[in-house]
Each structure stands twice: as C-alpha cells, then as structure tokens.
Amino acid sequence: MSLITLTTDFGDRDWFVGVMKGVILKINPLAQIVDISHEIPAGDIRAGAFALASAYSYFPRGTIHLAIVDPGVGGDRTAIAVQTRMHNFVGPDNGLVSWAAAKEKIKAIHQLSNPEYFLQPVSQTFHGRDVFAPIAAHLSRGIPVKSLGRSLKDFVRIKWPAPLRGHNRIQGEVVYVDRFGNAITNIEQTLLANLTSKKVKVIVKKRYVFPLASHYEAVPRGQPVAVPGSSGFLEIALNCGSAADYFGLKNGEAVVLRVGG
Amino acid sequence: MSLITLTTDFGDRDWFVGVMKGVILKINPLAQIVDISHEIPAGDIRAGAFALASAYSYFPRGTIHLAIVDPGVGGDRTAIAVQTRMHNFVGPDNGLVSWAAAKEKIKAIHQLSNPEYFLQPVSQTFHGRDVFAPIAAHLSRGIPVKSLGRSLKDFVRIKWPAPLRGHNRIQGEVVYVDRFGNAITNIEQTLLANLTSKKVKVIVKKRYVFPLASHYEAVPRGQPVAVPGSSGFLEIALNCGSAADYFGLKNGEAVVLRVGG
Amino acid sequence: MSLITLTTDFGDRDWFVGVMKGVILKINPLAQIVDISHEIPAGDIRAGAFALASAYSYFPRGTIHLAIVDPGVGGDRTAIAVQTRMHNFVGPDNGLVSWAAAKEKIKAIHQLSNPEYFLQPVSQTFHGRDVFAPIAAHLSRGIPVKSLGRSLKDFVRIKWPAPLRGHNRIQGEVVYVDRFGNAITNIEQTLLANLTSKKVKVIVKKRYVFPLASHYEAVPRGQPVAVPGSSGFLEIALNCGSAADYFGLKNGEAVVLRVGG
C-alpha cells in the first residue's frame with residue numbers, strides 16, 4: 001500500500017504539486033507517486049470526479065488516490081478518507097471522490113480531523129500540502145484509516161446525469177472534453193450494445209447528423225463520428241481533428257441517438 | 001531492463017498518461033517510468049519521431065521506449081516492438097520510432113499481436129492503455145520480444161529531409177520548434193565543422209541574414225543567431241527571445257547557409 | 001542523499017527534462033527525481049528563485065535541488081553547487097538559488113568546473129543535460145561537493161524587494177502570480193500578525209479596496225480578498241476566480257495596506 005496517485009487542479013506551473021511530493025516523501029521515503037492529472041479545470045469538481053472515476057481502477061489494489069479540487073479550502077467543508085475493498089480515496093468532502101468511490105465496495109469513511117497527522121502550522125489555503133499530502137503519506141505507511149478522525153455514515157455525492165431513454169431515442173449530454181477535442185458523453189457503452197447492428201444516427205446541436213462506428217477512421221479525415229470511448233461511454237470525435245472545436249461542444253451539450261428510420 | 005520512457009501526444013490535462021502508468025505498475029510494480037514528453041502536437045508523427053530520436057540515447061542500456069502518436073488507432077495499422085543492441089522501442093508501426101531505431105543496431109522486430117499480453121477488453125481508441133502499456137510492462141519484466149507476435153523484416157520508416165548541398169551553399173529546413181522558440185533545422189552539426197572558421201551567413205525567408213556563432217549571447221539581446229544546437233543540428237535562435245515568433249518560422253521553412261563573400 | 005528535485009524553465013513540451021532524467025538515472029539508477037516546476041516563465045530568474053524558495057524546505061534533509069533558468073547558458077556566467085546544513089542547491093550562478101540558499105546555514109559553495117563530472121562533449125546550449133544533471137547525479141551518489149571545482153566565497157544574490165512600512169501603512173508589491181490567479185506579495189505574514197484584530201484595508205491600483213481575511217470564502221463568490229498565503233506572504237485572491245485577471249495584476253504592481261481609519 002505504498003502507491004499514491006494525485007488528481008488536482010493545481011496545475012504544472014507552480015510548485016504546489018512538487019511540494020506535496022516533498023511532504024509525502026519526507027514522511028514515507030518509499031512512497032511511489034503517480035500523477036493522474038493536475039490540469040483539472042480550476043475548481044471544476046465534476047471534471048475532477050470524472051477523471052478520477054475513469055482512472056482509479058487501473059491502479060493496483062490498495063492504491064491511495066489523493067484528489068484535490070477544493071474551492072472551499074479553509075471554509076467549513078470537511079475532508080475525508082474513504083476505504084473500499086480495493087482502493088482508498090482521500091480528499092475534500094465535496095463530491096470529488098464520489099463517482100469513483102460509488103463504484104467500489106465501501107468499508108469505511110472517516111473524517112480527517114486528527115491534527116496529529118497534519119503538517120503544522122496548517123495554512124488556510126493549501127490543505128493539499130498541510131492536510132492531504134501528509135495523510136496520504138501516513139496511510140501509505142500503514143496507519144489505520146480510523147485513526148484519522150471520526151467515522152462518517154456517508155460522503156457528499158454529486159449526481160450523475162443519467163441519459164433520457166425514449167422509444168427510438170436516447171438523449172444524453174457531454175460530460176467531459178478531452179485534450180484531443182473528443183466529447184465524452186454520459187451514454188454508457190452498454191446502452192449501445194443492442195444498437196450496433198441497427199441504423200443509428202447521432203445528432204448534436206439539433207442539426208448535425210453523423211454515424212456511430214467502432215473507430216475514428218471509419219469516417220474520412222475531418223469527418224465526425226461517434227465511437228464507444230475508452231472510458232466506457234459514447235464519445236463524439238472527429239477523425240484527425242477536434243470534435244469539440246468543430247461543433248463548439250461544451251459540457252452539458254445535448255447528444256441525441258436516433259435508432260432506425 | 002525495468003526503465004520505461006513515455007513519449008506521447010496524450011497531453012497532461014486528462015488521465016490518459018496516469019492510467020498507462022497504473023497499468024504498467026499493476027504488471028510490474030518495480031518498473032521505473034520517465035516521461036519524455038506528452039505534449040507532442042496531436043497526431044504529429046514527425047514531431048514525435050524527432051523528440052524520441054533526440055532523447056532516447058541518453059537513457060541507460062536496456063531502456064524500453066514506449067512512444068504513441070497514433071492517429072490510426074483502431075484502424076489497420078500494426079503495432080511493433082523493435083529490439084536493438086542498446087535500446088527497445090514499442091509503438092504503432094507508423095514511422096514514429098523509425099528515426100530513433102534507425103540509429104541503432106537492430107536485433108529483432110516483432111508485431112504486437114499476442115493478445116495474452118493485452119489488457120482485455122481492448123478498446124478501439126486507447127491502445128496506449130490496452131496494448132502498449134501492458135506490453136512495455138511485460139517486456140520490463142523480462143519476457144522475450146519474440147513472444148509478442150510474429151517477426152517482421154522491417155518497420156515503416158519516415159524519410160528524413162536531407163539538406164541540399166551546393167558549392168557555397170547549404171539549404172536545409174526547420175524540423176522542430178522548441179518551447180523557447182528555437183527553430184531546429186535538419187542541418188547537422190558535422191556539416192558545419194569545416195565552416196566555423198569561414199565567413200558564414202544564415203538566411204531565412206530569403207531576406208533575413210544573421211551570423212553563425214557558438215552560443216546565444218554572441219549577439220546582442222533580441223538579435224537572431226544560428227548556433228550548433230544540443231541535438232546535433234543547427235538551430236535558429238534569438239538571444240533572450242523566440243526566433244520562431246520573430247521570423248514566423250514553422251516546420252518546413254527553408255534555412256540557407258551561404259559561405260564566404 | 002538520493003532525492004533530486006528539478007526546477008526549470010524547460011517546459012513540458014519538449015524532451016529536455018526527460019533527457020536530464022535519463023542522464024541522471026544512467027549515473028545513479030537509484031536516484032529519485034521529483035519535479036518542482038518546469039514552467040517557470042522562460043528566462044525569468046526571479047520567478048524561478050521564488051518558486052524554489054517556496055518549495056525546497058518541504059523536502060527531506062539532504063535533498064539536491066537542481067534549478068535551471070539560464071538565459072546566459074554558454075556565455076561567461078559560472079555554475080555553482082551550494083551545500084547547506086539541510087539542503088543542496090545546484091544551478092547557474094545568476095541568483096536563481098539565492099533566495100532559497102539565503103534561508104539556510106551555508107557550509108560550502110563550489111564552482112562547477114571539474115569536467116570529469118560533465119557529460120562530454122558539453123554543448124553550448126544545454127548545460128542542463130551536459131553539466132547540471134550529471135553533477136546532481138554524482139552528488140546523489142555521494143561524491144564530495146569540493147570535488148566539483150574551486151571553493152567560492154559567495155554566490156550571486158538577487159535583491160528581495162522589501163515592503164515599505166509607514167505609520168498606518170505598508171506598501172508592498174506583487175512578486176508572483178500563481179496558476180489560480182492569486183497574486184502573491186512581498187508582505188510577510190509576520191507583518192500581519194499584529195494587524196488582524198485591527199481594521200485593515202487592502203488597496204491595489206490606488207482605487208480598489210477590499211478586506212483582509214483568513215480564507216477565500218470570507219467574501220462572497222467573485223469578490224476580492226487578501227489572505228495570508230501558504231508561502232508565508234499576503235496574497236490577493238478572488239473567491240472562486242482569478243484576482244490577477246480581475247484587477248490586471250502583474251509582478252511589481254503595488255499593494256497597499258492601510259490600518260485603521
């Protein structure tokens with residue numbers, strides 16, 4: 001249990017992430033630290049929750065996933081550690097870890113309130129350094145999660161936007177735009193399982209219509225296509241281009257699948 | 001043989017690189033992973049090939065260099081592992097590893113077709129996670145390269161643009177613009193060896209003329225200069241500035257050296 | 001003494017940082033390397049000095065901090081290693097390490113002039129690869145700092161801009177703008193210790209007036225506030241936004257604290 005992942009909106013420009021790693025290695029010189037992302041849009045809890053939920057399960061059992069997108073730092077939000085059968089999550093209790101943790105069998109939820117594991121003095125603006133990094137490091141050394149603070153019954157959960165399913169129609173929305181301009185939707189691949197043999201049209205902005213296919217190159221260069229993405233959701237893509245730029249897609253934009261006719 | 005380098009166009013914004021590292025560490029917890037770059041321009045195979053060729057030789061013998069710039073993912077391009085006397089290269093067979101591998105003594109080339117070493121189910125859009133990362137991890141644990149798939153006679157090679165050499169003239173081109181705005185050309189330093197003592201003029205865009213020197217500060221601040229760059233090629237630079245911005249230089253832009261008179 | 005941190009303006013786009021890590025691991029396969037930042041603005045020695053001074057002390061005793069912001073590379077600036085009681089600093093002697101090193105008890109300062117520890121041939125433009133990385137690696141293997149070159153009496157120091165203190169007034173300036181748009185000032189938190197109970201107004205651009213508080217959420221969303229920042233200095237922030245964008249703040253911009261009245 002000495003692998004720690006980091007998912008934050010701290011960016012790569014400043015020294016914030018480096019300092020957290022210094023704090024971790026000072027407490028546990030054997031900790032192995034892997035960055036998931038530090039470029040979560042500043043304060044965007046949903047984007048962080050989606051990134052963490054897409055990534056965590058590929059790490060070894062026992063990994064400690066430290067996630068910090070924390071616009072409420074220094075205010076009255078609490079901080080938590082969630083222990084599940086396979087993974088551990090540490091972060092502010094603002095929903096950030098909720099999409100990932102909800103997929104796992106939860107064993108314990110504890111508040112981070114024991115100051116013994118903080119870096120003193122605790123600043124009001126950088127709990128990543130003063131609270132979260134030291135706690136992840138102590139966990140990686142094997143301290144029991146219950147020593148961190150009192151047990152909680154649940155954590156703050158943010159609602160997953162379920163797609164609307166009609167007779168010949170599924171209406172979803174864009175939930176994440178990746179670096180290539182692929183727009184990941186909330187339409188799960190499993191919903192598509194029965195559709196692939198049928199005639200499916202994908203529609204965005206009510207007027208752009210394009211096909212569903214298995215990979216980008218199923219359409220000519222520069223053409224749009226919807227593909228089952230690597231995160232398990234339908235993605236709107238452009239072969240060799242950015243679908244987000246092409247269509248002007250942002251989070252929340254409706255994506256409609258029309259089956260048949 | 002437990003060091004793995006990563007060169008991709010996956011960017012640092014999303015969770016793609018982190019997930020690849022999780023996959024690698026799940027298979028080989030002792031693997032050491034070093035990022036060469038994840039900011040290769042999206043889909044730019046030549047830029048990725050140049051970065052890899054400039055970097056790989058500085059790593060220890062036996063390093064596994066995993067490179068992924070893969071606009072054809074999910075299509076019918078094949079994937080390869082190239083074993084050389086000193087290094088190993090893994091990536092799509094689209095020319096990406098060809099400039100680096102061509103500098104080495106090649107011992108074996110194998111297709112990546114044995115699904116035993118893939119992460120199942122294999123997605124159509126993220127072979128970095130499902131094919132390449134697990135194969136690099138298995139190689140780092142010592143499986144023989146021949147177990148990955150059938151032997152190939154060669155890999156796809158992209159052509160290196162050789163400079164044109166005239167009587168008192170060398171015409172090259174920009175092949176890479178770095179973060180400082182230095183424009184790296186295809187004119188090898190060895191071609192300059194006999195020139196340094198002579199009067200050499202460097203010309204870009206047919207009208208801007210400036211000197212060849214050994215370092216940036218040989219010219220006043222804000223002035224252009226051509227220097228033997230750290231990759232072994234002539235670079236167009238600006239002392240304390242960006243030559244690419246100053247001249248509007250892009251890949252393919254002609255760079256002329258005129259000797260004497 | 002096998003932990004090495006890196007603080008540079010080399011960026012994450014090119015292969016420069018990866019190559020330095022390759023060079024280090026070739027010399028010391030057991031070195032542990034942590035990035036502090038590679039996105040120091042190109043050539044901005046003061047920003048690099050501030051980042052290093054803010055970060056270094058969170059790392060374990062004996063850490064080797066390699067810092068490179070080096071517009072004079074290849075010219076006649078010298079390069080140094082500074083050994084202090086707790087930390088080691090390696091970099092060009094241009095003031096980059098001076099704010100950090102000045103906080104520590106200095107034991108030895110040596111020029112980096114012994115070519116035995118360079119990677120040959122030494123380029124004129126990439127001492128990060130050819131001089132600094134190998135020296136950091138050799139130091140991490142335990143060679144004595146005195147073997148690097150002759151002893152120096154001092155290093156180049158850049159002046160810290162001390163705030164002006166009047167009767168009911170402190171005038172400071174912005175010294176660093178972070179990724180969130182928080183503007184870090186040169187006004188030390190210790191100067192604020194006596195002020196918190198009093199009525200303090202913060203003024204920027206002579207006309208914007210806002211309060212001093214302990215955390216961002218002390219003001220409504222989108223409102224400006226000055227808080228004691230995590231680096232030990234007063235920061236101008238916006239609750240859930242960028243103070244730098246809101247006010248147009250840059251380094252050097254005056255920040256005035258008016259007490260009482």
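In chain A, helix α1(A) passes α4(A) in a right-handed crossing; a crossing has this hand when the near helix is turned clockwise from the far one by less than a right angle, and it is left-handed when the turn is anticlockwise. The two axes come within 8 Å and cross at roughly 40°. That angle makes α1(A) oblique to α4(A). An axis here is a line fitted to C-alpha atoms, for helices over the stretch in contact, and angles run from 0 to 180 degrees between N-to-C directions. On the α1(A) side, the contact is made by V19(A), M20(A), V23(A), I24(A) and I27(A), and on the α4(A) side by G128(A), R129(A), A133(A), P134(A), A137(A) and H138(A). Contact means heavy atoms within 4.5 Å.

A few notes on reading this: the model is predicted, with local features needing pLDDT of at least 70 and side-chain atom pairs counting only at pLDDT 80 or more, while totals for chains, interfaces and linings use all residues. Residues are numbered from 1 along each chain as its sequence is written, chains are lettered from A and ligands numbered from 1 in the order in which they are written, and side-chain values use heavy atoms, with hydrogens and water left out.

**Helix α4 in chain A**

Helices (H or I, at least four residues) and strands (E, at least two) are DSSP runs, numbered from the N terminus. Helix α4 of chain A covers residues 127-140, and at 1.5 Å a residue its 14 residues should span 20 Å; the end C-alpha atoms are 18 Å apart, which agrees. The expected span is 1.5 Å times one less than the number of residues. Along the way there is a kink of about 30° at A133(A), shortly before the proline P134(A). A bend of this kind is the angle between axes fitted to the seven residues ending at a position and the seven starting there. Both A133(A) and P134(A) are also among the residues in contact with α1(A). Just after the helix, G142(A) takes a positive phi of about 105°.

How many of the residues of α4(A) are buried? The count is 14 of 14, and the helix is mostly covered. Buried means under 20% relative accessible area, exposed over 50%, and partly exposed in between (1.4 Å probe, protein chains only). One residue to look at is D130(A), which lies in α4 of chain A. With a relative accessible area of 1%, D130(A) is buried. Not counting residues up to four places away in sequence, D130(A) touches F118(A), L119(A), P121(A), V122(A) and S123(A).

**The corresponding helices in chain C**

In chain C, helix α1 (residues 16-27) and helix α4 (residues 127-140) have axes that come within 8 Å and cross at roughly 40°. The pair is therefore oblique, and the crossing is right-handed. The contact is made by residues including V19(C) and I27(C) of α1(C) and A133(C) and P134(C) of α4(C). α4(C) bends by about 30° at A133(C), and P134(C) follows within four residues. Because 14 of its 14 residues are buried, α4(C) is largely enclosed by the rest of the structure. Just after α4(C), G142(C) takes a positive phi of about 105°.

Leaving aside neighbours within four places in sequence, S54(C) is in contact with W15(A), V19(A) and S231(C). V19(A) is also one of the α1(A) residues that meet α4(A).

**Backbone details in the loops**

| Site | Feature | Value |
|---|---|---|
| Q120(B) to P121(B) | cis peptide bond | omega near -5° |
| Q120(C) to P121(C) | cis peptide bond | omega about -5° |
| C240(B) | positive phi, not a glycine | about 60° |
| C240(C) | positive phi, not a glycine | about 60° |

Where do these sites fall? P121(B) is in the loop between β6 (106-111) and α4 (127-140) of chain B, and P121(C) is in the loop between β6 (106-111) and α4 of chain C. C240(B) lies in the loop between β13 (233-238) and α6 (243-247) of chain B. At 40% relative accessibility, C240(B) counts as partly exposed. C240(C) is in the loop between β13 (233-238) and α6 (243-247) of chain C, and at 39% relative accessibility C240(C) counts as partly exposed.

Key
Angles under 35 degrees count as roughly parallel, over 145 as roughly antiparallel, 65 to 115 as roughly perpendicular and the rest as oblique.
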